[in-house]
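Here is a short report on a model with two chains to look through. Keep the sequence and the 3D view open while reading.

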Amino acid sequence: MIEVNNLHKSFLGAKKKQVIALNGLSFTAKDGEITGILGPNGAGKTTCLRTLYGLLKADSGSATIDGIQVTKSPIEARAKLGIFPDKFGLYERLTAYEQIDYFASIHGLQGTVKHQAIEAIIKDLEMEELAHRKTQGFSQGQRMKVTLAQALVHQPQNFVLDEPTRGLDVMSTRVLRNHLAKFRDKGHCILFSSHVMQEVAALCDRVIIVANGKLAAQGTPAELCDLASEALLEDAFVKLIGSDEGVAA
Amino acid sequence: MIQFKALLIKEFKEAFRDKRALMVAMTMAMLAPVMILVLSKTMIKEMVATPPIYLNVTGESFAPKLIKQLKQNNIYPLSDVPEDIKNLWTERNIELIIPENFAEYMEEGRVITINLRADFSEKALNAPIRRIKNQINQYAQSIGAKRLIVRGIDPRILRPIQINDQDTAQPSSNAMFISLMLGLYVLMAAFMSGLSVAIDSSAGERERNVLEMLLCQPVSTFKIVAAKLCCASTISIIGVTLTLVLTSFSVSFVDLTKIGATFNLDLLMVLFLILLLLPISFFASALQLFVSFQAKSFKEAQSTVSMIIMLPAMIPVALMFIDDKPQWLDWLPVSGQSLLMDDLFKGIPINWAAFTGTALVTVGLTAALVIILSLRLKSEKVVLALS
């Protein structure tokens, strides 16, 4: 379970101008649910997720992962997390297997347990053929699979993805989607940010709409459409972030 | 421990699989012995041999005996110069001007003024000019001595005191130029060999977007930095070892006895040098990681780190110009090691207190760099620079 409570964060931008990235954002992502964060570019999605990983420190407010305060004990909190970051790269001189192995070891797995975990995730993501190739020259979909595998190899209770479907084709998106659904059914908590409405509509149990560093609205996709009295989530989204008066309450 | 092991294994895999960067790092070590061999051979040749010198003589016919003596000592008029080196000596243009009244003055016993004209600041001309002057002086002295003898005077009367030089330098001090070069070179090797790995594993990883992912993992930044440091400094130590081993092999081909010097690099000395440079390798890699982790891009890291390489090159050279070295120089990294190497090559017994001192200071500074860097990696500034 991931809880974000009244997060505030501002940066010193160009010419010492204060840029407010998060302005009192609060939400909860429950276990056994896929929670989607929707928001226009610059709404504060990545800042919020980075605060969750403990990369950034919030000015005020708190984030907890399974009840562990991120600011107080970031390493323990991160151990409960699987992360698919905003920008992901691969170690191009390692094979896919070695990379997954590397992250598994960082999460403290070893011996046969580690070996079995790696084999399981490789089989799950249907990447047996890729496993022993160096990752240099992998396609976008293959890269996504490797990143997904290394984030999930230790079977984290909570899984955070920052725009995972960027640049993926339909097939890869489906693999990702199926995997997330399977993961949810096992009772894990999944939080992911996206721009793609169909995907959010198809996959998410709950949607959080963020605008100007604040929660603009939340609910199931259907509830949001009702709230904005629009038939399509896309129209609902535009309407909800366009006029946050009345809706935010 | 599992984490550190995994981090370390991964760093080594990446470092050793980047064959090209590794090759570049090791060329430094490969080139050292070749350079030392070639340089010392040419230096020995210059010090021992008396190659022919060609002079632009005006008034050759006024002093035939002087010219004859010069010729006997491999100094010839420019008219005799072989075609292939003609340009060189014409350009050097050492002029000897013998006055018309040479024979006349000689007969009358008056002082004859001969002009030797050349660019005295040119280093390549130092040896020829010295030899020309020596020959002319010898010629003049022998005539002077004969004049005294003819007058029934012992020529020794002109030399009431004779100085007898007794050089207290150890026999191997004469190999100074080799040791100086080698000392500089191994220090450079310590700084150069680990360089590409240090930049690649810090600024390189940031640019390939893998650093952010690593920083999100449940692993302390201290472990990350320590693993990267271990890897880079291992490569640096390999570089230093290779330089020393290859040099000790190649030095055996140089016959230093020709210039009355002895220099050998035996196993014990190689081991001592490796031990001496071990902390420096760590220090160099820590410094490089420190700088390149905080650079905004790979390119910035490269240009800043290349400034650091100046350190091992400048400090030993600067030390040569300080005659009264303050005590603290013995303790600082690079300068301490450089001074100890000087002593070692001169055959002076090793000052173990200074050895331990400089090693401790170097290790201490390295540890400080690692700690500061691992704190820095937690700061938001570094994270924000990721995107």
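## Terms and model

Two residues are in contact if their C-beta atoms, placed from the backbone, lie within 7 Å. Axes are lines fitted to C-alpha atoms, for helices over the stretch in contact. Angles run from 0 to 180 degrees between N-to-C directions. The model is predicted.

## A helix across the sheet of chain B

Helix α6 of chain B spans residues 126–150. This helix lies across β1, β2 and β4 of chain B. Its direction makes an angle of about 60° with β1(B).

## The sheet itself

In chain B, four strands make up an open sheet. Their order is β2-β1-β3-β4, and the pairing is mixed. Strands of a sheet pair through backbone hydrogen bonds, either parallel or antiparallel. Which strands of chain B sit at the edges? They are β2 (75–77) and β4 (115–117), each of which pairs on one side only. On average, neighbouring strands of this sheet are turned by 30° against each other, direction ignored.

Look next at one pair. Strand β1 of chain B covers residues 53–58. Its pairing with β2(B) is parallel and runs over three bridges. In β2(B), B:I75 stands opposite B:I53.

## Two domains in chain A

Chain A is assigned two domains. Domain 1 consists of 1–80 + 158–249, and domain 2 of 88–156. The C-alpha centres of these two domains of chain A are 26 Å apart.

The contact between them draws 13 residues from domain 1 of chain A and nine residues from domain 2 of chain A. On the domain 1 side, β7 (158–162) and α6 (170–185) of chain A each give two or more residues. Which element gives the most to that side? It is α6(A), with five residues. By class, the domain 1 side has seven nonpolar, four polar and two charged residues.

## Where chain A meets chain B

The contact between the chains takes 23 residues from chain A and 22 residues from chain B. On the chain A side, α2 (74–79) and α3 (96–106) of chain A each supply at least two residues. The largest share comes from α3(A), with four residues.

What is the make-up of the chain A side by class? It has 13 nonpolar, five polar and five charged residues.

Methods
Residues are numbered from 1 along each chain as its sequence is written. Chains are lettered from A and ligands numbered from 1 in the order in which they are written. This is a predicted model: local features need pLDDT of at least 70, side-chain atom pairs count only at pLDDT 80 or more; totals for chains, interfaces and linings use all residues. Two strands pair if DSSP finds at least two bridges between them. Domain bounds come from an automatic or database domain assignment. Ala, Val, Leu, Ile, Met, Phe, Trp, Tyr, Cys and Pro count as nonpolar, Asp, Glu, Lys and Arg as charged, and the others, Gly among them, as polar.
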